[in-house]
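Let us walk through this structure step by step. Keep the 3D view open as you read.

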Amino acid sequence: MQTLPGFRDFYPEDQALRRALFNRWAAVARAHSFVEVDAPHLEPLDLYRKKSGEEILGQVFSFEDRGGREVGLRPELTPSVARMVAARNRELKKPIRWFSIGSFFRFERPQKGRTREFAQFNCDLFGLSGEAADGEAIALLIELLRGAGLGSSDFAVRISDRGVWNTFLTEQGLSEDRLPELLQVIDKLGRDKEVVTAAKLKEIGLELAAVQAFIGTPGADDPVFAALRSNLKARGLDEFVVFDRSVVRGLAYYTGAVFEAFDRAGELRAIAGGGRYDGLLDKMSDGAVNLPAVGFAIGDVVIMEMLQRNAKASESLAADARRLLAPQVYMVIAAENRRSEALGLLSSLRRAGVTVDYAFEPAKVGKQFQTASDRGAEFAIVVGEEWPELSLKNLESREEEKTSAGNLLEVLAKRLKTH
Ligand code: HAM
């Protein structure tokens, strides 16, 4: 039995790497005062019908449940968090800053950087508009990628604003309600053939040359971006951002600033994407709640490919992963008649939060030490005839010291690197 196409099994090493990355990201998000939430993996299909837009809707794994409801596996989190905020808007202290880590499902063609089940790290900020909030979201995205060990030579965040395309339409003598159509064309610029783009633009009433000229204007000079640019500059993050009008994003709900993180080499799909979506809560609550919002999501697939291309970053993450897989302490039972005392001691260590492994069955002391090293334990504790006296051996430095069962926790607390 194989997994379905685009679905992955995660063996311990792979899962530890992902967990190590998510642990770092959760720490960065918390440092930015974001708290964790989650929402159902299965939602009413209607949630995505109106909120996500055609492209995503066509990718939802949807079916009728046994109760005859039309449901879908979540392709993204944004409509769910918007519903959560709208439902408890009064009680929730503003600004609301939430992050979430979980699985998402899209029926896309499995290819490099794209799977059918993938993880996203979502961050959303509700209740604030303008560059203060946009700057905070983009800064957090950059810090999350830096937290993964990537630098400004590895990635850049391309920023745009859907509003500039509104202005463009007006300048071209067209009505603003052509915007969704135009954004769809711009979003596919790199993927569609030029003749196809030109034909689609013609239908809207636009010339390809005019659009290309607009995109070619250096975005950084745009007054729309000035405040955001200086906000990010104040944080020392200007080397990570590029203002680029061609970034418009495929999702229907974005209303202002939009941004995507890309590898500098330009070889991979987007690492992350997000933007401002001020109208979504209003729509979700039929006009009852109107809160501005900005957020983004980073996927696990492309970021893992990025990390493979950066030896320093991947080694550092692999070191975190090894720590998740290895016991801190291996208890060597040198005298079988002390096995009960050893079990009592290792249970109290485990209760205190120390990760402990040991040989379930009698084994030669040399073999137990070998297993301790193979498993990457930091210390071996030898329980022998001298009980309650023990010896504690640092498996890296080979230094050994004597201690007693009663003092062990206290000594370990000082010695363990990874406590
Ligand atoms: P998105 O651009 O559709 O945005 O997805 C964000 C990221 O999820 C992408 O940049 C990519 O890394 C990853 N991703 C998306 N689809 C796949 C796939 N099939 N396989 C692997 N990775 C994938 C959103 O989902 C928005 N809801 C983000 C957001 C949050 N906007 C506001 N708040």
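**The largest pocket**

About 1200 Å³ of space lies in the largest pocket of this predicted model. How is such a space found? Rolling a probe the size of a water molecule over the atoms shows where empty space is left.

The largest pocket is lined by 47 residues. Closest to its centre are Arg114, Arg249, Glu260, Arg269 and Ala270. Find these five residues in the 3D view.

Which helices and strands give two or more residues to the lining? Three helices do: H3 (54-57), H7 (179-187) and H12 (300-308). The strands are S6 (117-126), S9 (257-263), S10 (272-276) and S11 (293-299). Strand S11 gives the largest share, with five residues.

What kinds of residues line the pocket? The lining holds 20 nonpolar residues, 14 polar ones and 13 charged ones.

**A sheet of three strands**

Next, turn to an open sheet. Three strands form it, in the order S2-S4-S3, and their pairing is antiparallel. Strand S2 (42-44) and strand S3 (62-64) stand at the edges. Each has a single partner strand, so one side of each is left without a neighbour in the sheet. Neighbouring strands here are turned by 35° against each other on average, direction ignored.

S2 and strand S4 (residues 70-73) pair in the antiparallel sense over three bridges. Which residue of S4 is the bridge partner of Leu42? That partner is Leu73.

Notes. Residues are numbered from 1 along each chain as its sequence is written. This is a predicted model: local features need pLDDT of at least 70, side-chain atom pairs count only at pLDDT 80 or more; totals for chains, interfaces and linings use all residues. Side-chain values use heavy atoms; hydrogens and water are left out. Two strands pair if DSSP finds at least two bridges between them. Helices (H or I, at least four residues) and strands (E, at least two) are DSSP runs, numbered from the N terminus. Axes are lines fitted to C-alpha atoms, for helices over the stretch in contact, and angles run from 0 to 180 degrees between N-to-C directions. On a 1 Å grid over the protein atoms alone, a cavity is a set of points where a 1.4 Å probe fits but cannot get out, and a pocket is an open set with protein on both sides within 12 Å along at least five of seven lines; lining residues have an atom within 4 Å of a point. Grid points are joined across faces, edges and corners, and a volume is the space filled by probe spheres set on the points. Ala, Val, Leu, Ile, Met, Phe, Trp, Tyr, Cys and Pro count as nonpolar, Asp, Glu, Lys and Arg as charged, and the others, Gly among them, as polar.
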